[in-house]
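Have the sequence and the model open side by side, and let's take a walk through them.

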Amino acid sequence: MQQPQPSEILSIQKFIFLLDDFHYEKFVSHLRKINAGLPLKLTEAVRKSLPAFDSPDALCKKIYGGYTEDQRKSFNQLSYHTIKLSYYLAWNYPGYLLPTVQWIQQAANEGNFERANQIANFLLSTSERVEDYQAQVIALKFLSQQAFLMKDFTTGIKLDRVLTKVCETEMALNQLISALRELIHLSLSGKKVDIPKKKDFFHSFFKHESPSIRIYSKYAILYLTYYFDPTEFSEAPVLALIKDIEKELANNSFVIFPFLFDLTGSFNFLKLNSASADLENKEYRKELREFGNHYQEVEFWKSYLNLPKLFVIAIKATHYISKYHYYLSRKNYSQIIEREITDLKNLIKECEELLANKHWDKHYRVDLMSVEMLYGGLLILLGGENVKKGINQLEFLLTSYQQMNLAGSTDSIFLCLMSGYFSLKQYDKCSHTYTRYYKATAKTEVYEMNDLNIQSYYYLSQWLVSNRDQYLGKLRANHKRIIENSSEKNSARALEELMEYFQIDTTAKAM
């Protein structure tokens, strides 16, 4: 076989060449699992030829049976697509290129100068593409030192400049990561942080030449908006940012982040859990299923609390609670939720599985509080005898964690409690819970629509007990406030369904 010139060796060939047996088998196994037939065929064809390399045309012929213009075009697209599928290695084994360092050292020590340089140059070009900064640094240090040993000072100085730039880029990424972590820590500690100033810092990296830095800086802005400026999250600039990040992640799926990073999972949670998300939408349900598949592909979650799995539970539970809480009082409630019962039971089971691991309580106490909250809310939503069980779960949660900061969850807990007590016709408990709610949230911000729904349950329960018009007036005033917020159609429907069921005229003048 006539060997192609070094410049003709394709990126996909270099990539497959650099994989040791362990990482090659992992990659091939993943391709089989996702039914990536042609990428698998290309990968195996490249591997079978090693240590020799087919010319691009010969390799194209092996895959497509020829090398016409259309076939070459398809082949080029396939080569790029196959490298993009290395996201599996980037997520789970981001150091997959590092074993080749030993090959370089071994070849040089055995006097095999050409092989050492071939491996080093392949490692440099591949690590540059996938942004493995550690591998880049090692390859550059070898090639630079070699250049100086051989008196090629021009090349050595040029490589040293590249090395400095790579180190600066890696440092910039680390600074971005540290800045967001510090901000999260300060906010959880109750300390005041200058969010606009921090956003300006992250914005300054939006046009950086490094994809990993661009992606992370944009993700940081999205994260800060979601948690610190939630009212802006459904506005046009943020929706455009989400589309931008999606495009960046799709085009640079092979880019490496530090091990134990699941930026894709965290981004998908922020995107799919926005207020504008609609589980009734076919495309949205598809994305949610894909997100569910995602957390099964990221292997390191086996050792930690599976946060993406928790995110999926949270997204679904939030949707179901929002959609069905106002039907709980109806006699035909079990028929209303009939098609969701299986999913609700599965979600409850997943919550129980997460809560069963007592080892996690030490490290994930706040996250497990969220699981307990979701568990209680889902039990209430399942109806029947489960309502009391769910109420007890949430009451226990409030009592057990009263010394901890439940901000961000408190209003959701009380909304579930109000709907549960209301469905049981325990209107005195609604009144008591309403008083506790305002004491608990006196110094914290709450989600306005949850707040209005809690008020509505209180006013309606008090009207059912006392039949006083003042409560009807407040109920109608609440309805007016809700319908004025066009983005909260489901909240308006919740109150309208309750008022219609109890034969209250929504069009009467608010008092």
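Where is the place of His319? His319 sits in helix H16, residues 307–324. Before going further, a word on what you are looking at: this is a predicted model, in which local features need pLDDT of at least 70 and side-chain atom pairs count only at pLDDT 80 or more, while totals for chains, interfaces and linings use all residues. Residues are numbered from 1 along each chain as its sequence is written, and side-chain values use heavy atoms, with hydrogens and water left out.

Back to His319: its relative accessible area is 16%, so it counts as buried (buried is under 20%, exposed is over 50%, and partly exposed is in between, with a 1.4 Å probe and protein chains only). Setting aside neighbours within four places in sequence, His319 is in contact with Leu279 and Glu280, where contact means heavy atoms within 4.5 Å. Thr225, in helix H12 (residues 211–228), is another buried residue, at 4% relative accessibility. Not counting residues up to four places away in sequence, Thr225 touches Lys199, Pro230, Glu232, Phe233 and Val238.

Now zoom out. The protein chain has 25 helices and zero strands; these are DSSP runs numbered from the N terminus, with helices (H or I) of at least four residues and strands (E) of at least two. The C-alpha trace spans about 95 × 50 × 45 Å along its principal axes. Of the 511 residues, 51% count as buried. Among contacts with a separation of 6 or more, 65% are between residues 24 or more positions apart.

How do the helices pack? Two packed helices are described by the angle between their axes and the distance between the axes. Here, axes are lines fitted to C-alpha atoms, for helices over the stretch in contact, and angles run from 0 to 180 degrees between N-to-C directions. Take H18 (residues 341–356) and H19 (residues 365–382): their axes come within 9 Å and cross at roughly 150°. That angle makes H18 roughly antiparallel to H19 (over 145 degrees is roughly antiparallel, under 35 roughly parallel, 65 to 115 roughly perpendicular, and the rest oblique). The residues where H18 and H19 meet divide into 15 nonpolar, no polar and three charged. In this grouping, Ala, Val, Leu, Ile, Met, Phe, Trp, Tyr, Cys and Pro are nonpolar, Asp, Glu, Lys and Arg are charged, and the others, Gly among them, are polar.

For another pairing, look at H21 (residues 410–423) and H23 (residues 448–466), which pack at an angle of about 25° with their axes 9 Å apart. That makes H21 roughly parallel to H23. The contact includes Phe414, Leu415 and Met418 of H21 and Ile454, Tyr457 and Tyr458 of H23. Its residues divide into nine nonpolar, five polar and one charged.

Most residues other than glycine have a negative phi, and most peptide bonds are trans. The Leu50 to Pro51 peptide bond is cis, with omega near 10°, and Pro51 lies in the loop between H3 (37–49) and H4 (56–64). Lys151 is not a glycine, yet has a positive phi of about 65°. You'll find Lys151 in the loop between H9 (133–149) and H10 (153–188), exposed at 62% relative accessible area. Gln503 also has a positive phi, near 60°; Gln503 is in the segment after H25 (489–501) and counts as exposed at 73% relative accessibility.
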